[in-house]
Amino acid sequence: MDEITFRRATADEYEAVHNINTNLFNGGDLISNKQRYQHHLTRPYNYAYIAEIEGRVISFCMFTIQDGGTTLFGRFWRTHSDYGRQNINFRLNQYGVKDIVSHHSGIVKGRYMTAISGLHPNLPPKTSLINTRPMLIHEIITAKTLVQKCQQQTDKYFPLTTLDERQKRQLLTSPETSWKFAGTDHLIMDSQVYKAISDNYKLIKETEDPYVLAELSQDEVQSFSLGIQMPLKQQCMFAYKMEIYTKSEEQAKNHIQQQALHAAQSLPDKHLYVVIRLDAAFTEQSSERAAITEHLSKLGLRYNYENAARIGKDPHRITVEWNIRDTADMKRFRVQKIS
């Protein structure tokens with residue numbers, strides 16, 4: 001193999017990074033949009049790296065420093081298909097982690113999210129699983145169609161409250177809320193996992209800035225959902241990611257429908273790539289999962305079997321954490337196949 005060079009990526013290398021894989025995630029790649037790529041690469045808490053051979057960029061990864069400077073989160077990575085199965089991205093991640101840790105002595109934990117098939121992964125020693133969220137990935141739908149489908153169903157569900165800035169900050173930085181609804185002290189927002197502390201709110205606002213709906217009873221949150229919209233490479237396409245925090249089937253359907261309606265109405269004349277993540281309880285209760293899937297079909301949200309097949313049957317997102325100082329060589333960065 002030709003000599004590989006590892007180095008920091010820059011904000012003006014969008015084309016080179018995008019060309020590593022021009023159709024990642026069936027067009028739903030969240031850094032395929034130039035503006036979004038440049039946004040990430042100019043944040044002081046983000047560090048991105050590339051691997052290149054003779055000036056050709058063949059691999060990319062990006063990390064975010066969060067939790068008040070104590071945690072390093074692996075956010076994006078990809079490698080050109082010509083160089084697959086050669087541990088190039090693994091070596092690039094090693095290079096990036098060592099570089100960042102050498103400049104930030106307060107970092108003690110490493111964390112990343114990955115997709116798996118099923119619910120129970122086998123984890124390497126000295127790592128912990130801090131979050132599991134089933135995914136429902138849907139085919140692209142026009143905003144006009146989604147509005148029509150949602151409006152046909154609206155009389156069946158109760159209204160939810162759109163949280164203002166003060167309420168949103170209080171919700172997303174409350175450990176009590178995250179433990180109650182997620183079973184951990186973290187909340188997922190698209191491909192990022194945030195500890196529910198005030199130090200992370202600036203990152204949330206600058207990166208995801210979710211639209212938050214909540215079911216309130218005497219000012220107490222009974223359920224809530226986060227909607228995150230992101231532009232894709234084609235100007236007519238947006239990704240809309242929903243995080244649904246409830247164990248109730250009816251509440252989940254209600255949040256999904258009202259988030260979908262908001263997305264479609266706020267992005268008229270667009271095509272939407274919709275991904276929904278639910279509480280893990282819905283995986284274990286197949287009847288509830290089936291009921292939600294049936295409801296989604298009524299909204300015109302057809303399950304994308306081709307995309308899900310890339311992960312395997314019953315796709316999930318899991319978040320893995322480890323002591324980054326104890327495992328600097330990152331051998332425990334890999335998640336094993338499920339049993």
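What percentage of the 339 residues in the protein chain is made up of buried residues?

## Overall make-up

In this predicted model, buried residues account for 55% of the 339 residues in the protein chain. The secondary structure of the chain comprises 11 helices and 15 strands, and, among contacts between residues at least 6 apart in sequence, 75% link residues that are at least 24 apart.

In soluble globular proteins, nonpolar side chains tend to be buried together. Here the largest nonpolar core holds 27 residues, and L146, I256, L272 and I276 are those with the most contacts inside it. Two or more residues are given to this core by each of α4, β13 (237-245), α8, β14 (271-277) and α10 (286-298), and the largest share, 6 residues, is that of α8.

For L272, once its neighbours within four places in sequence are left aside, the contacts are E139, I140, I141, A143, L146, F238, A263, A264 and L267.

## Packing of α4 against α8

Two packed helices are described by the angle between their axes and the distance between the axes. The axes of helix α4 (residues 143-151) and helix α8 (residues 249-266) come within 8 Å of one another and cross at roughly 140 degrees, and the crossing of α4 past α8 is left-handed. On the α4 side the contact is formed by A143, L146, V147, C150 and Q151, while α8 supplies Q257, A260, L261, A264 and Q265. By type, the residues of this contact are 7 nonpolar and 3 polar, with no charged residue taking part.

## Aspartates with positive phi

Most residues other than glycine have a negative phi, and most peptide bonds are trans. Against that background, D219 has a positive phi near 65 degrees; D219 sits in the loop between β11 (211-217) and β12 (220-231), and is exposed, with a relative accessible area of 74%.

D269 likewise has a positive phi near 65 degrees, and D269 is found in the loop between α8 and β14, where this residue is exposed with a relative accessible area of 75%.

Definitions and conventions. Residues are numbered from 1 along each chain as its sequence is written. This is a predicted model: local features need pLDDT of at least 70, side-chain atom pairs count only at pLDDT 80 or more; totals for chains, interfaces and linings use all residues. Side-chain values use heavy atoms; hydrogens and water are left out. Axes are lines fitted to C-alpha atoms, for helices over the stretch in contact, and angles run from 0 to 180 degrees between N-to-C directions. Helices (H or I, at least four residues) and strands (E, at least two) are DSSP runs, numbered from the N terminus. A crossing is left-handed if the near helix is turned anticlockwise from the far one by less than a right angle, and right-handed if clockwise. Contact means heavy atoms within 4.5 Å. Ala, Val, Leu, Ile, Met, Phe, Trp, Tyr, Cys and Pro count as nonpolar, Asp, Glu, Lys and Arg as charged, and the others, Gly among them, as polar. A nonpolar core is a set of buried Ala, Val, Leu, Ile, Met, Phe, Trp, Tyr and Cys residues joined through side-chain atoms within 4.5 Å. Buried means under 20% relative accessible area, exposed over 50%, partly exposed in between (1.4 Å probe, protein chains only).
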